[in-house]
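Please find below a short note for a colleague who is meeting this structure for the first time.

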Amino acid sequence: MNSLINTVANIGSWIWSYPLLIMIVICGVLFSIRLGFFQIRNFVYVMGQTAGSIFKKSKGEGTVSPFQAAATALACTVGASNIVGVPIAIAFGGPGALFWMWVCSLLGMLTKFSEIVLGIKYREKNEEGVYVSGPMYYMSKGMPNKKVGKTMAWMMSFTLMLFLPFTISAQSVSAVQSAEVIGINGILTGAVLTILIGIITFGGIKRIANVTDKMVPIMVIVYLIGAFIVIGANISAIPSVFEMIFKCAFSGSSAIGGFAGASISAAIRWGFARGAYSTDLGMGSASMGHAAATTDHPVRQGLWGIFEVTVSGIIICTVSGLTVLCTGVWTQVPAEYAGSMATMAFQSVFGNEIGGIIVSLAMLFFVVSTMIVQVYYGEKQCEFFFGTKKAKYGKFIFVLSIFLGSILNLSTIFAFLDLILGIAILPHLVALICMSGQVVELKKEFFSNPKYYLKDIDYKMKKSEIKSV
């Protein structure tokens, strides 16, 4: 049995090391070239239409506001991997891995943008009058070969439906461990989370959005404030840290202290792997979170995908990386204990007790927000297969898996998760490539139409002219 588990784990690791990362890079490069690298060229405009429009009233059809939809998707994207995954990438790939995480995020912005654009284009109303979408919808409707598209959609949806209970349980384990650090009983934590998340998720997308649009900004800001204090206390080391990041990205890293050293290929492999995982690139989950957004055009909502990757893959991952680099903790522990680096970095400034509590609370909130949205995503997979009413029964399974994660040792099952998720994502990436032409056409329509981009630019110009007068 151990041999079987190790074999499965090795296959899953290989899929995530090579085939998936190659496909993610191909998708990112393809969309960047075909869409004219507008994630860079139009970055200021994108931020203005996303972060700059949070409090503006949106136009078009939908169930929740664009920001609420983005907060829902971001709640799943921003998780434990943003705190723990970055130090792991540095532990195995060296400081240069952080640079390749940035590259992965920049390329992946338009992959996530495309997922949301296609999700809005092919969304539909369910029996309750709520907009739903996701990879299973646009793959089955939008692929050039409809039979192949439907087959791929059903395979992906079915695989994800099996995957989600276990990954929710994995998140629950992280939540329980974080709570135990601050002295809360694990079973009590599991029971409370099960009831709380059940109440939230059974309230539907509106209640989920009302929770996540408040929870996500608070948890991100609190974590960033703590991390900036750590960085500020070591501000003199920052110039040399950035020099080390860029140098190690192209020359590898020599062994230092507890760090065993890493080659350029290791920096690229771990940087891209953790970058993709930390931003959910290629998974299509964002399109489910954005399906109910009120918007007047698929591209306008797709801009939030660029915003999400900026927050998760650029800002939070960079800050997490800088905390472990500027404090020097990345050289003090072997790679197998990399998960403790974030805690050690905070403890070096705040002290052992307070530093541990800050990281544990951040992990707890990040994980809880992820579980809330994963339960919702699981319900949408069931809905695609069994319809709206029967999907409610499936939701019970996803909610109960939260409690199971607090009482079971799931390490044996987790060996299969990377393999299952890899099998689900590969056909989705192929579908995105096949449907890239549709994204290009929608982008052209948005940026050349006086109703959308041109109107936005004209409005800003007139406003600036009035101010200058």
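1. V439 touches F31, L35, F113, S114 and L118, where residues up to four places away in sequence are not counted and contact means heavy atoms within 4.5 Å. V439 itself lies in helix α21, residues 436-448, and it is buried, with a relative accessible area of 0%; buried means under 20% relative accessible area, exposed over 50%, and partly exposed in between, with a 1.4 Å probe and protein chains only. The C-alpha atoms of V439 and C317, which are 122 residues apart along the chain, are separated by 28 Å.

2. A word on the basis of these values: this is a predicted model, in which local features need pLDDT of at least 70 and side-chain atom pairs count only at pLDDT 80 or more, while totals for chains, interfaces and linings use all residues. Residues are numbered from 1 along each chain as its sequence is written, and side-chain values use heavy atoms, with hydrogens and water left out.

3. K125 belongs to strand β1, residues 124-125, and is exposed, with a relative accessible area of 53%. Once its neighbours within four places in sequence are left aside, K125 is in contact with V130 and Y131. From K125 to Q177 there are 52 residues in sequence and 39 Å in space, C-alpha to C-alpha.

4. Two residues deserve a look for their backbone angles, given that most residues other than glycine have a negative phi. F37, in the loop between α2 (19-34) and α3 (38-41), has a positive phi near 50 degrees, and F37 is partly exposed at a relative accessible area of 37%. D280, in the loop between α13 (264-279) and α14 (285-290), also has a positive phi, of about 60 degrees, but D280 counts as buried at 9% relative accessibility.

5. How are helices α6 and α7 placed relative to each other? Helix α6 (residues 80-93) and helix α7 (residues 96-121) pack at an angle of about 125 degrees, with axes 8 Å apart; the axes are lines fitted to C-alpha atoms over the stretch in contact, and angles run from 0 to 180 degrees between N-to-C directions.

6. By class, the contact of α6 with α7 has six nonpolar, two polar and no charged residues, with Gly counted among the polar ones.

7. For the chain as a whole, there are 22 helices and two strands, these being DSSP runs (H or I, at least four residues, for helices; E, at least two, for strands) numbered from the N terminus. The radius of gyration, taken over C-alpha atoms, is 22 Å, close to the 23 Å that the globule rule gives for 469 residues, so the chain is as compact as a globular protein of that length; that rule is 2.2 Å times the number of residues to the power 0.38.

8. Of the 469 residues, 58% count as buried. Among contacts with a separation of 6 or more, 84% are accounted for by residues 24 or more positions apart.
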